[in-house]
Amino acid sequence: MPTEPPETEWRLPDSSIGGPGEDLVGIGADLAPGTLLAAYRSGLFPMRIERGGVLAWFSPDPRGIIPVDGLVVHRSLRRAVRRYRTTVDTAFEDVMRACGDPSRPDGWIDDSFVAAYSELHRLGWAHSVEVWADDGDGPELVGGVYGVGIGRFFAGESMFHRRPDGSKVALVGLFEWMRTRGVVLVDVQWCTPHLASLGAVEIPRARYLDLLRDAIDAD
């Protein structure tokens, strides 16, 4: 069972404020475990405005989710799954650092985020799926995804690939793992064209917050 950290000392912003398209709802606070968990439980997630910049809290409207039975796995992706090996929670920090590679466009995951989410991982709240290739020289990390799980809710934070389909295979592995945990709500924050091709859809913020409460309260 995950370990509950001390409660946050901050009063976080209301995740239901603002109209459609007004996704940024607050700035400041910190990345302590209690703050992060309080944020996710209320529908918020943190990002820096730019790498090393101000800490901001977002509650998108509409919100991107992938229905638990809606992941699109094309034939080519099924073949890719057979080429690689996936693991869970074996290289969490490596996955985060790969997601935060500063050479990636719009990279904002800095050392403070790596430290904060690694502590959540140590406490049992944050998880990663790793994708490995082995060409005879030993296993190589070629893809991965990480996020936060609370009850039957999972918030996907970021994913990366170093070989074709590495991030997609990680997502397949994540969904297989989530099925064993009874997850009913998978948050992907914004529904990008790439995520839409994998089955992501948009729902109104109010609907998302209702689903979130049910998923977190479920045992």
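**Exercise 1.** Find the side-chain partners of Thr-35 and say whether Thr-35 is buried or exposed.

Step 1: The side chains of Thr-35 and Thr-8 are joined by a polar contact of 2.7 Å. A polar contact is a pair of N or O atoms within 3.5 Å; within protein, one must be able to donate a hydrogen and the other to accept it, and residues adjacent in sequence count only if both atoms are side-chain atoms.

Step 2: Another polar contact, 2.6 Å, links the side chains of Thr-35 and Asp-30.

Step 3: Thr-35 is buried because its relative accessibility is 0% (buried means under 20% relative accessible area, exposed over 50%, partly exposed in between, with a 1.4 Å probe and protein chains only).

A quick word on the source: this is a predicted model, where local features need pLDDT of at least 70 and side-chain atom pairs count only at pLDDT 80 or more, while totals for chains, interfaces and linings use all residues. Residues are numbered from 1 along each chain as its sequence is written, and side-chain values use heavy atoms, leaving out hydrogens and water.

**Exercise 2.** Decide whether Ile-27 is buried or exposed.

Solution: Ile-27 has a relative accessible area of 59%, so Ile-27 is exposed.

**Exercise 3.** Describe the largest nonpolar core.

Step 1: This core has 46 residues (a nonpolar core is a set of buried Ala, Val, Leu, Ile, Met, Phe, Trp, Tyr and Cys residues joined through side-chain atoms within 4.5 Å).

Step 2: Tyr-40, Tyr-117 and Phe-153 have the most contacts inside it.
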